[in-house]
Amino acid sequence: MAKVKTWVWVVVGVFAVCVLGVVALAAAGIWFARSHIDIQSTTPTAATDDFQRVRERFAGQQPLIELDERGHVVRAHTDRPMSDQRPESLHVMAFDPDDGRIVRLTIPFWLLRLKMRGTRIDVGGDNIDLEDLKMTVEDLERYGPTLIVDHKGEDGEHVLVWSQ
(Lines give C-alpha, C1' and ligand atoms only; values in the text may rest on other atoms or scores of the structure.)
Protein backbone atom coordinates (compact mmCIF):
# COMPACT_ATOMS: atom_id res chain seq x y z
CA MET A 1 0.00 0.00 0.00
CA ALA A 2 1.40 3.37 -1.06
CA LYS A 3 1.91 6.02 1.59
CA VAL A 4 0.07 9.32 0.93
CA LYS A 5 2.32 12.35 1.19
CA THR A 6 1.75 14.80 4.05
CA TRP A 7 1.09 17.77 1.75
CA VAL A 8 -1.89 15.92 0.20
CA TRP A 9 -3.49 15.56 3.64
CA VAL A 10 -2.84 19.25 4.33
CA VAL A 11 -4.52 20.28 1.04
CA VAL A 12 -7.50 17.99 1.71
CA GLY A 13 -7.79 19.34 5.27
CA VAL A 14 -7.66 22.98 4.13
CA PHE A 15 -10.27 22.26 1.42
CA ALA A 16 -12.56 20.55 3.96
CA VAL A 17 -12.24 23.48 6.40
CA CYS A 18 -13.08 25.94 3.59
CA VAL A 19 -16.16 23.92 2.57
CA LEU A 20 -17.33 23.75 6.20
CA GLY A 21 -16.73 27.51 6.56
CA VAL A 22 -18.88 28.25 3.49
CA VAL A 23 -21.64 25.97 4.79
CA ALA A 24 -21.50 27.68 8.21
CA LEU A 25 -21.69 31.15 6.61
CA ALA A 26 -24.66 30.10 4.48
CA ALA A 27 -26.42 28.67 7.52
CA ALA A 28 -25.75 31.86 9.51
CA GLY A 29 -27.12 33.96 6.64
CA ILE A 30 -30.28 31.87 6.42
CA TRP A 31 -30.76 32.06 10.19
CA PHE A 32 -30.25 35.83 10.16
CA ALA A 33 -32.74 36.35 7.34
CA ARG A 34 -35.37 34.10 8.94
CA SER A 35 -35.06 35.82 12.30
CA HIS A 36 -35.13 39.39 10.93
CA ILE A 37 -37.65 39.14 8.07
CA ASP A 38 -41.33 38.40 8.60
CA ILE A 39 -43.72 38.07 5.63
CA GLN A 40 -47.43 37.54 6.27
CA SER A 41 -50.62 37.62 4.24
CA THR A 42 -53.00 40.34 5.38
CA THR A 43 -55.91 42.51 4.35
CA PRO A 44 -55.64 46.21 3.55
CA THR A 45 -57.64 47.03 6.69
CA ALA A 46 -55.37 44.96 8.96
CA ALA A 47 -52.29 46.46 7.31
CA THR A 48 -53.63 49.99 7.86
CA ASP A 49 -54.16 49.16 11.54
CA ASP A 50 -50.58 47.86 11.82
CA PHE A 51 -49.19 51.03 10.23
CA GLN A 52 -51.34 53.19 12.49
CA ARG A 53 -50.06 51.44 15.63
CA VAL A 54 -46.46 52.18 14.64
CA ARG A 55 -47.26 55.80 13.68
CA GLU A 56 -48.87 56.38 17.10
CA ARG A 57 -45.42 55.94 18.68
CA PHE A 58 -44.28 59.00 16.74
CA ALA A 59 -47.37 61.15 17.19
CA GLY A 60 -46.86 64.72 15.98
CA GLN A 61 -43.54 63.89 14.34
CA GLN A 62 -42.92 64.38 10.63
CA PRO A 63 -40.93 61.67 8.89
CA LEU A 64 -37.25 62.49 8.62
CA ILE A 65 -37.41 61.89 4.84
CA GLU A 66 -40.47 63.19 3.01
CA LEU A 67 -41.45 61.52 -0.27
CA ASP A 68 -44.03 62.30 -2.94
CA GLU A 69 -46.60 59.71 -4.06
CA ARG A 70 -44.15 58.31 -6.64
CA GLY A 71 -41.46 57.70 -4.00
CA HIS A 72 -39.14 60.54 -4.99
CA VAL A 73 -37.47 62.50 -2.21
CA VAL A 74 -39.13 65.87 -1.62
CA ARG A 75 -36.98 66.92 1.33
CA ALA A 76 -35.21 65.69 4.42
CA HIS A 77 -36.18 67.24 7.76
CA THR A 78 -32.67 67.32 9.16
CA ASP A 79 -33.33 70.39 11.29
CA ARG A 80 -34.85 68.35 14.09
CA PRO A 81 -33.06 68.15 17.44
CA MET A 82 -30.60 65.39 18.19
CA SER A 83 -31.36 62.78 20.84
CA ASP A 84 -29.30 61.31 23.65
CA GLN A 85 -31.00 57.95 23.16
CA ARG A 86 -29.38 55.73 20.54
CA PRO A 87 -31.56 53.42 18.45
CA GLU A 88 -30.71 49.74 18.35
CA SER A 89 -32.40 48.76 15.10
CA LEU A 90 -33.89 50.03 11.87
CA HIS A 91 -37.37 48.72 11.09
CA VAL A 92 -39.03 48.55 7.69
CA MET A 93 -42.68 47.63 7.22
CA ALA A 94 -44.06 47.42 3.68
CA PHE A 95 -47.48 46.48 2.34
CA ASP A 96 -48.28 45.67 -1.28
CA PRO A 97 -52.05 45.43 -1.89
CA ASP A 98 -51.49 43.49 -5.13
CA ASP A 99 -49.76 40.67 -3.24
CA GLY A 100 -51.83 41.06 -0.08
CA ARG A 101 -48.70 40.67 2.01
CA ILE A 102 -47.00 42.75 4.65
CA VAL A 103 -43.24 42.49 5.07
CA ARG A 104 -41.48 43.42 8.29
CA LEU A 105 -37.72 43.73 8.34
CA THR A 106 -35.49 44.54 11.31
CA ILE A 107 -31.87 45.50 10.76
CA PRO A 108 -29.58 46.00 13.77
CA PHE A 109 -27.63 49.26 13.70
CA TRP A 110 -24.37 47.38 14.21
CA LEU A 111 -24.96 45.76 10.82
CA LEU A 112 -25.71 49.14 9.23
CA ARG A 113 -22.46 50.48 10.68
CA LEU A 114 -20.54 47.64 9.02
CA LYS A 115 -21.94 48.75 5.68
CA MET A 116 -21.20 52.45 6.11
CA ARG A 117 -21.28 53.48 2.46
CA GLY A 118 -24.17 52.91 0.09
CA THR A 119 -26.89 52.37 2.69
CA ARG A 120 -30.11 52.34 0.70
CA ILE A 121 -33.77 52.08 1.55
CA ASP A 122 -35.95 50.59 -1.20
CA VAL A 123 -39.32 52.31 -1.57
CA GLY A 124 -41.59 51.07 -4.35
CA GLY A 125 -38.72 50.08 -6.61
CA ASP A 126 -36.88 53.40 -6.08
CA ASN A 127 -33.87 53.51 -3.81
CA ILE A 128 -33.31 56.21 -1.22
CA ASP A 129 -29.57 56.44 -0.78
CA LEU A 130 -28.50 58.05 2.49
CA GLU A 131 -25.44 59.54 0.73
CA ASP A 132 -27.71 61.37 -1.73
CA LEU A 133 -29.50 62.90 1.26
CA LYS A 134 -26.14 63.82 2.80
CA MET A 135 -26.92 61.46 5.69
CA THR A 136 -24.98 58.68 7.28
CA VAL A 137 -25.90 55.87 9.63
CA GLU A 138 -24.36 57.97 12.40
CA ASP A 139 -26.78 60.80 11.55
CA LEU A 140 -29.70 58.41 11.92
CA GLU A 141 -28.31 57.33 15.26
CA ARG A 142 -28.00 60.94 16.44
CA TYR A 143 -31.72 61.53 15.80
CA GLY A 144 -32.49 58.63 18.12
CA PRO A 145 -35.64 56.59 17.78
CA THR A 146 -37.51 58.39 15.02
CA LEU A 147 -39.87 58.02 12.10
CA ILE A 148 -37.68 58.01 8.99
CA VAL A 149 -40.05 57.36 6.05
CA ASP A 150 -43.85 57.16 5.85
CA HIS A 151 -44.73 56.63 2.20
CA LYS A 152 -48.06 55.82 0.57
CA GLY A 153 -47.80 55.06 -3.12
CA GLU A 154 -50.20 55.73 -5.97
CA ASP A 155 -51.25 52.07 -6.17
CA GLY A 156 -51.95 51.66 -2.45
CA GLU A 157 -48.55 50.34 -1.40
CA HIS A 158 -47.31 51.63 1.92
CA VAL A 159 -43.79 51.73 3.38
CA LEU A 160 -42.89 52.78 6.89
CA VAL A 161 -39.27 53.03 8.08
CA TRP A 162 -38.33 53.92 11.64
CA SER A 163 -35.51 53.48 14.12
CA GLN A 164 -36.14 52.11 17.56
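Residues are numbered from 1 along each chain as its sequence is written, and side-chain values use heavy atoms, with hydrogens and water left out. Because the model is predicted, local features need pLDDT of at least 70 and side-chain atom pairs count only at pLDDT 80 or more, while totals for chains, interfaces and linings use all residues.

Histidine 151 sits in strand E8, residues 147-152 (strands, E, are DSSP runs of at least two residues, and helices, H or I, of at least four, numbered from the N terminus). With a relative accessible area of 4%, histidine 151 is buried (under 20%; exposed is over 50%, and partly exposed is in between, with a 1.4 Å probe and protein chains only). Its side chain reaches the backbone oxygen of aspartate 68 at 3.3 Å.

Histidine 77 belongs to the loop between strand E3 (73-76) and strand E4 (89-96). Histidine 77 is buried too, at a relative accessible area of 11%. Its side chain makes a polar contact with the side chain of glutamine 62 at 3.3 Å (a pair of N or O atoms within 3.5 Å; within protein, one must be able to donate a hydrogen and the other to accept it, and residues adjacent in sequence count only if both atoms are side-chain atoms). Beyond its neighbours within four places in sequence, histidine 77 is in contact (heavy atoms within 4.5 Å) with Gln62, Pro63, Leu64 and Glu66.

Turning to the tryptophan, residue 9 is placed in helix H1, residues 6-36. Tryptophan 9 is exposed, with a relative accessible area of 57%.
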